[in-house]
Each structure stands twice: as C-alpha cells, then as structure tokens.
Amino acid sequence: MKTLPFLRNLFLLAFVVASCTDHDFFQEPTQFKSDEVAGGFAAPLGITHDANNNLWITEQGDGSGKTGKISVITPDGKVYPGIIGFNSVISPEKAPSGLTHLTYKDGKLYILHGPDGKLFIADVSKFKPGTDPAIDASTLISEPIGAFVLGSKFKIPKNESNLFNMTWGPEGDLYITDAAANAIVHRAADKSLSIFAEFDPYYTPTDTIDFVPTGIVYDGSKFLVTSLSGGPFIKGLATIKEVSTGGVIKPYGEKFTTLVDIVLTPGNKPLVVSFAEFSLTTTPPNFVPFTGQIQSGDGTTIAGGLMMPTDLERTGDKTYYYVSLALAKVFKLTY
C-alpha cells in the first residue's frame, strides 16, 4: 500500500484548501449587473435590511414638515410605508433634509435624523409590511446625540452637528459619524456618549476644506471611514481613513471623490460609494449627473455612471442594493 504518496497528496490538498480559505474563498466583485427594484421615493438617502430580507429606506421628504418617512421594500418588490411623520426641512442648500442613515439589529431599527440631531429606535420585530399600519415617528424612543455633540469640545470647533451614518463596533457599541462636526461619536451599550475621534481638515494651497466623515464600517480590528470633503468638492481630494479601536487615525486610501458610504465584501474588503463629480463651470455650480461610482478600496471602479448614489447595502455574498437620491430609486446589484 502506497501510504506515503497518499499522505503527501492529503497534505497538499489540505494546504490548498487552507490557502483558498484564507485568501481566495470569496470572489470579489469586479463588475455589477444592475436592476431597478423600486422608485418614487421622496429624497431617499439610506438603506438597510432586516432578518426577513425586507429593505428599509429613509426618505427625507419634501421639506414641508412631517413628510419624512421610512418605506419598506418586501422581497417580492412591493413598497409599503413603515414609519411616518419624521421632520423634513429645507437645508441651506435649498434641498430637502431630514433622515439620514439607519441600521438594523436584533429586531430594531436605529435611525439617524440630521437636522433634529436624534437617534431614533424602532422595534420592528413584529411589524408586517402591507398588513400593519405604518408606525408614527412620534411614538419612537429617541436620544439627543446632536445636543451632546454641540456641547462637546473639539480641536477645531464647528458649532454644528449632522448625524450621518453608523456602524456596530466592539462590545456591540454604536459608532456614529457626524458630518458637520468632523467627528465620530461613541455610544456605549449603557447609552453613555463620548467623542471617539476627530478628523483634521484638508489643507490645500488656497483653502482649508473640512473632512466631512460619511460612511463607517468595522472590519473586526479597525474602523474605516470615508470622506465627502467639503465644498468645492475637489476631484480626488476625498480619502478613506483607518481608525483604531483606541481612536488613532491613519491614512488608508486616497484620491477619491465625494465619498458617501462604505461597506465590506464577504472577503472583508471595502467598497466605497462616490456621489458625483462637482463642476464649478455650470450655472450655478453643481454636481454632474451620472458621474457617481462604486469603487474598491484601491480606487478600481466596479460600477460607473451612477446617478448620485448615497448608500450601499450588502444583503448576500453577491448581492448589494444602492439608493439613487436624484432618481429617487433603489437598484439591485449582482455579480
């Protein structure tokens, strides 16, 4: 019996399997197929999914009071009202503003509202879209995170707050980006708050431009945070920063443009969302249509020509969904 060759082959197979598990088990996206899922939303911005594969979409509304809401897209593609009656205002940029991003955990939605400076929490564990009436936002628990930010001390005080996005970190704590304060807020499990990190501005030869943190993810050892960069939204200025669990900030990726979100692939690699290029030559200066992108962490374009995407959500190994603010639609991406 030729035991030695058999063992050699067995060890070789084990080595190959281990190598594939460590490095090549997950096929990273290189190009997406896009399909429209639903449309007609009122200034949509954020997206998350629950344990039943329902998609929850934040809608900023039309700026006229309580028109902000969260809609639900069921797996069969039908859209229902989920939570209604959120405050909707007109921003200084003359656009609707209100709800920003949301995340789901253990039957609850955690929802950020920029102008109100609040974190809302909604128990949706028993909610049946299309059967149950929409939840009224006035019945939700809320926490005044923005007021804490405004009362905190910073190296470079901005005296403003815009709660934008969040992720779950070590010990199940919540980490929230504040796009106006250029900071990350740490909300511990006991609901206590602290300023976790503060981002320095970009210094150009002619100006000082805010970092404007947007997307945030935790990869199991560190946080990755994307930058929109403040006006005039210079092409190639935005970056990705690495933030340690101790709050130490280091460079991670550069030469991006107007980044608004970041997610991790099943292989724990980042995908980032570029909103659009900005033109100073138009009248008035504005973002250029269909210049949004989804890119890998090294800047490789995976999907281009997108119309002002604002959020990307991974729901499976090869399935993602993104929100187009300008088209007021949600799209499914597969590969």
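The side chains of Asn165 and Asp261 are joined by a polar contact of 3.2 Å; a polar contact is a pair of N or O atoms within 3.5 Å, where within protein one must be able to donate a hydrogen and the other to accept it, and residues adjacent in sequence count only if both atoms are side-chain atoms. This is a predicted model, in which local features need pLDDT of at least 70 and side-chain atom pairs count only at pLDDT 80 or more, while totals for chains, interfaces and linings use all residues. Residues are numbered from 1 along each chain as its sequence is written, and side-chain values use heavy atoms, leaving out hydrogens and water.

Where does Asn165 sit? Its place is in strand E12, residues 163-168 (strands, E, are DSSP runs of at least two residues and helices, H or I, of at least four, numbered from the N terminus). Asn165 counts as buried because its relative accessibility is 6%, and buried means under 20% relative accessible area, with a 1.4 Å probe and protein chains only. Beyond its neighbours within four places in sequence, Asn165 is in contact (heavy atoms within 4.5 Å) with several residues, including His101, Tyr175, Thr214 and Asp261.

Now for the wider view. The protein's secondary structure comes to two helices and 30 strands. Buried residues make up 50% of its 335 residues. Of the contacts with a separation of 6 or more, 46% are between residues 24 or more positions apart. Along its principal axes, the C-alpha trace spans about 80 × 60 × 45 Å.
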